Amino acid sequence: MTAPGENFKINGDRLWDSLMDMAQIGPGVAGGNNRQTLTDEDGEGRALFQKWCEDAGCTMRVDTMGNMFATRPGTDPNALPVYVGSHLDTQPTGGKYDGILGVLGGLELIRSLNDLNVKTKHPIVVTNWTNEEGTRFAPAMLASGVFIGMHTQDWAYAREDAEGKTFGDELARIGWKGDEEVGARKMHAFFELHIEQGPILEAEGKDIGVVTHGQGLWWLECTVTGKDAHTGSTPMNMRVNAGLGMARMTEAAHQIAMAHQPHAVGAVGHCDVFPNSRNVIPGKVVFTVDFRSPDLAKLTSMRTQYEAKAKEIADELGLELSIEPSGHFDPVTFDEGCVAAVRGAAERLGLSHMDLVSGAGHDACWINQVAPTAMVMCPCVDGLSHNEAEEITKDWAAAGANVLLHAVAETAEIVG
């Protein structure tokens, strides 16, 4: 494969303008975005992305999970495509770059190849994966999970949001239920550009993160049941306090993660308390423990130890406890060849870089099971993400997109 020259670059101003234009759809209340999956705003963002892709000469296809695939033809009709992309959906209080940079960076890659009149042997496909965030419809990375056969489509269609609306119904309602069989596509390789969503690159003064691994994850949904009672008139020794159980189990999650250092994390990020009244001792709480590690043995150990410790706490306090996994994927090792293409691109472009383990889940973590895959990361200010204050610089965005351009063009094989 021929590596492109160091002057082979994207249009950073055009990429930034596209990011800002997309951010006008589903604005948040504090400068970010609320473009949750399968909302009207998601549909509007999809339509704009499709228009831009078609303006760039791509053909758009949509599968039955709403995944969007914009194809720039290659010179060899029999060559498998190189895929690139991420997601356009956001958190309820999300930023302008999480996921969006990867999709629009892929679009800018196509536009730049057109500007430079560069042809590739392999087609290049820019992808928008449906419901990566998993906020409205759990779990995260839902549609890429169906694509690789991790979930069935019927199961995905039946996922409900907080109002009882189903994924399948909402996908049809906004008009983005395509006719292509999900998972039918074969890939030569897949690359995903993403903001780091952590503080390491900025702290180390590096332009690029070469992602070699992704953390595995266990989400454990815990339901603790005690007895509702008046907080003022119930003696302390007669309480069956589900809230106290949750507090001790939250501390246990922290201690177990600390005991598995380095490269392990754990916390409770979501909880519902019932009846959630200031003068009623909680009779029931539902909360989710999030454990992550790139080491499968540590990940498994944290889950096992937590389940045992939580039961011990529940028994001591006279509480009922059930623990159900609500999300899981094993640690990911990305393809050596694709990772080398990313690293080589950064070096050719004179960009400082370091190897990185992704702390968050991404569609690339699923696609890695069916195709050679790698990720490119750029810094984000203070490591802040899933927050409307999420911020990157135009230079960081351009650097990441240039590495993406080089890695994808090399893998897709430049002709001539």
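This is a predicted model: local features need pLDDT of at least 70, side-chain atom pairs count only at pLDDT 80 or more; totals for chains, interfaces and linings use all residues.
User: Now the prolines. What kind of peptide bond leads from Gln 261 to Pro 262, cis or trans?
Analyst: The bond from Gln 261 to Pro 262 is cis. Its omega is near 0°.

User: And where is Pro 262?
Analyst: Pro 262 sits in a loop. The loop joins α8 (242–259) and β10 (265–274).

User: What about the bond from Phe 274 to Pro 275, cis or trans?
Analyst: That one is cis too, with omega near 5°. Pro 275 is in the loop between β10 and β11 (280–281).

User: Let's zoom out. How is the chain divided?
Analyst: Into domain 1 and domain 2. Domain 1 covers 12–215 + 331–415. Domain 2 covers 216–329.

User: How far apart are their C-alpha centres?
Analyst: The centres of domain 1 and domain 2 lie 34 Å apart. The contact takes 11 residues from domain 1 and 13 residues from domain 2.

User: How much area do the two domains bury between them?
Analyst: About 840 Å². Carbon and sulfur atoms hold 70% of that.

User: Which residues in domain 1 lose the most area to domain 2?
Analyst: Gln 215, Pro 331 and Trp 366. Together they make up 61% of what the domain 1 side buries.

User: How many nonpolar, polar and charged residues are on that side?
Analyst: The side of domain 1 that touches domain 2 has 7 nonpolar and 4 polar residues. It has no charged residues.

User: How many salt bridges cross the interface?
Analyst: The count between domain 1 and domain 2 is 0. For polar contact, 1 residue pair turns up across the interface.

User: What is the salt bridge count by the rule otherwise?
Analyst: The count comes to 20 salt bridges.

User: Why are Asp 55 and Lys 51 about one helical turn apart?
Analyst: Because they are 4 residues apart in helix α2 (residues 40–55). In general, side chains of opposite charge can pair when their charged atoms come close.

User: Last topic. What does UniProt list for residues 215–315?
Analyst: The UniProt entry, which is unreviewed, lists "domain: Peptidase M20 dimerisation" there.

User: How much helix and strand do residues 215–315 have?
Analyst: The chain there is 38% helix and 34% strand. The end C-alpha atoms of residues 215–315 are 32 Å apart.

Technical notes:
Residues are numbered from 1 along each chain as its sequence is written. Side-chain values use heavy atoms; hydrogens and water are left out. Domain bounds come from an automatic or database domain assignment. Contact means heavy atoms within 4.5 Å. Buried area is the accessible area (1.4 Å probe) that two parts lose on being put together, summed over both. A salt bridge is a side-chain nitrogen of Lys or Arg within 4 Å of a carboxyl oxygen of Asp or Glu. A polar contact is a pair of N or O atoms within 3.5 Å; within protein, one must be able to donate a hydrogen and the other to accept it, and residues adjacent in sequence count only if both atoms are side-chain atoms. Ala, Val, Leu, Ile, Met, Phe, Trp, Tyr, Cys and Pro count as nonpolar, Asp, Glu, Lys and Arg as charged, and the others, Gly among them, as polar. UniProt positions are given in the numbering used here, feature names are shortened, and annotations may be inferred rather than shown by experiment. Helices (H or I, at least four residues) and strands (E, at least two) are DSSP runs, numbered from the N terminus.
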